[in-house]
Amino acid sequence: MAKDLPDWIKEGKHTAKLLEWLNQEAEPVGIFSGWMLFKAAIGNCVLIYAENQDQCMEEFHEIKLCGIFRKSDCTLYETGVQLYRAAGIPEEFIFPDKDAIQTELEKKVTDFGRRLIEQCWDDLVEQSDLTGKDLLPAINRDQIRLKAKQYLQMGKCAKDVRYLPKFSFSVFGIPFTDELLLRYLEDEMSGVNDVTSMWLESALADISKNRIYYGCIREEMAELERSAGRESSFPASGKERLNA
């Protein structure tokens, strides 16, 4: 069993004792190296609290979160200095904080959302309350042709133009709450599904407009490329006929 434990547990001074305490349902308060810790289990996760001071305290006055322990893989998150000192965790071990978890979740939501858009677009539109007018961008042929020429001048090809939506909590105004953080740590796939649903529900109209917009640009660029190819072949053909 010990060989399957993560290195932070193997190399910490009091981490074996901490692990035993975290896996116990009783004893909500534990003392490690003089530090009092308080725990609260929420499903697969254990929230770890300490006194909001950078020194040992004999009783709690104002507690703060100093770690989240996930039982299924013995991973720590949001680890504060109090937990490092109490458990004797070597400083070289760096654990994901809320910002890192948010970035990870955003990437997974982006990847999952893109797959749904590619594979289930008609179903997504049908399940929404959007009308055809909501899904169409306000564009004209001149705008499309201008943007296509600009891309070609930049050295891009039609095959290079593709709209790939990207999810961000801040951009789409969806708060990354503590509840959402814990839901994701408890069940990653469920958390990804929930956030992806919120994203696509709020952004489906904009995604549709951008898909159409960039699709039109790609088609216009392809037509311009074909036209350029046909024109480049004319001088050679004419010269051959002249020499003949």
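Student: What makes you say that the charged end of Arg211 sits over the ring of Trp121?
Tutor: In this model, which is predicted, the charged end of Arg211 is 4.4 Å from the centre of the Trp121 ring, and the rule asks for a distance within 6 Å together with a position within 35 degrees of the ring normal. The charged end of Lys147, which sits over the ring of Tyr151, is 5.7 Å from its centre, so that distance is also within the 6 Å limit.

Student: Which residues line the largest cavity?
Tutor: Arg211 is one of them, and the lining also includes Arg114, Ile117, Glu118, Arg162, Tyr163, Leu164 and Pro165. The space in this cavity is about 50 Å³, and the count of cavities of 30 Å³ or more comes to two. Helix α4, residues 98-127, gives the largest share of the lining, with three residues.

Student: How do the residues of that lining divide by class?
Tutor: Four are nonpolar, none is polar and four are charged. Tyr163 is in that lining, and Tyr counts as nonpolar under the scheme used, whereas Arg and Glu count as charged.

Student: How many aromatic pairs are there, and why is the pair of Phe38 and Tyr49 called tilted?
Tutor: The count comes to eleven aromatic pairs. For Phe38 and Tyr49 the ring centres are 6.3 Å apart and the planes stand at 45°; since a pair needs centres within 6.5 Å, and since stacked requires planes under 30 degrees apart and edge-to-face over 60, the remaining label is tilted. Phe38 belongs to strand β2 (residues 35-42) and Tyr49 to strand β3 (residues 45-51), so this pair ties together parts that are eleven residues apart in sequence.

Student: Why does Phe38 count as partly exposed?
Tutor: The relative accessible area of Phe38 is 28%, and because buried means under 20% and exposed means over 50%, a value in between is called partly exposed.

Student: What makes the pair of Tyr163 and Tyr214 stacked?
Tutor: The planes of the Tyr163 and Tyr214 rings are at 0° and their centres 5.9 Å apart, so the pair is stacked, the cut-off for that label being planes under 30 degrees apart. Tyr163 is found in the loop between α6 (141-153) and α7 (169-172), and Tyr214 in helix α9 (residues 188-243), so the parts that this pair ties together are 51 residues apart in sequence. Tyr163 is partly exposed at 22% relative accessibility, and Tyr214 is partly exposed with a relative accessible area of 22%.

Student: Which residues form one aromatic cluster?
Tutor: Phe167, Phe169, Phe172, Phe176 and Trp199 form one aromatic cluster.

Student: Why is Glu220 called buried?
Tutor: Glu220 has a relative accessibility of 6% and therefore counts as buried, the limit being under 20%. Glu220 is placed in helix α9, and, leaving out residues up to four places away in sequence, Glu220 touches Arg141, Ile144, Arg145 and Ala148.

Student: Is Ile139 buried or partly exposed?
Tutor: Ile139 is partly exposed, with a relative accessible area of 31%, which lies between the limits of 20% and 50%. Ile139 is located in the loop between α5 (132-135) and α6, and, once neighbours within four places in sequence are set aside, Ile139 is in contact with Ile144, Tyr213 and Cys216. Ile139 and Cys216 are 77 residues apart in sequence, and their C-alpha atoms are 9.8 Å apart in space.

Student: Which elements give two or more residues to the lining of the largest pocket?
Tutor: The largest pocket has a volume of about 230 Å³, and the elements in question are α4 and α9. The largest share of its lining, five residues, comes from α9. By class, the lining has five nonpolar, four polar and two charged residues.

How values were computed:
Residues numbered from 1 in each chain as written. Predicted model: local features only at pLDDT ≥ 70, side-chain atom pairs only at ≥ 80, totals over all residues. Heavy atoms only, no water. 1 Å grid on protein atoms, 1.4 Å probe; cavity = no way out; pocket = protein on both sides within 12 Å on 5 of 7 lines; lining within 4 Å. Points joined across faces, edges and corners; volume = space filled by probe spheres on them. Helix = DSSP H or I, 4+ residues; strand = E, 2+ residues; numbered from the N terminus. Phe/Tyr/Trp six-rings, centres within 6.5 Å; stacked < 30°, edge-to-face > 60°. Buried < 20%, exposed > 50% of the residue type's maximum accessible area, 1.4 Å probe, protein only. Contact = heavy atoms within 4.5 Å.
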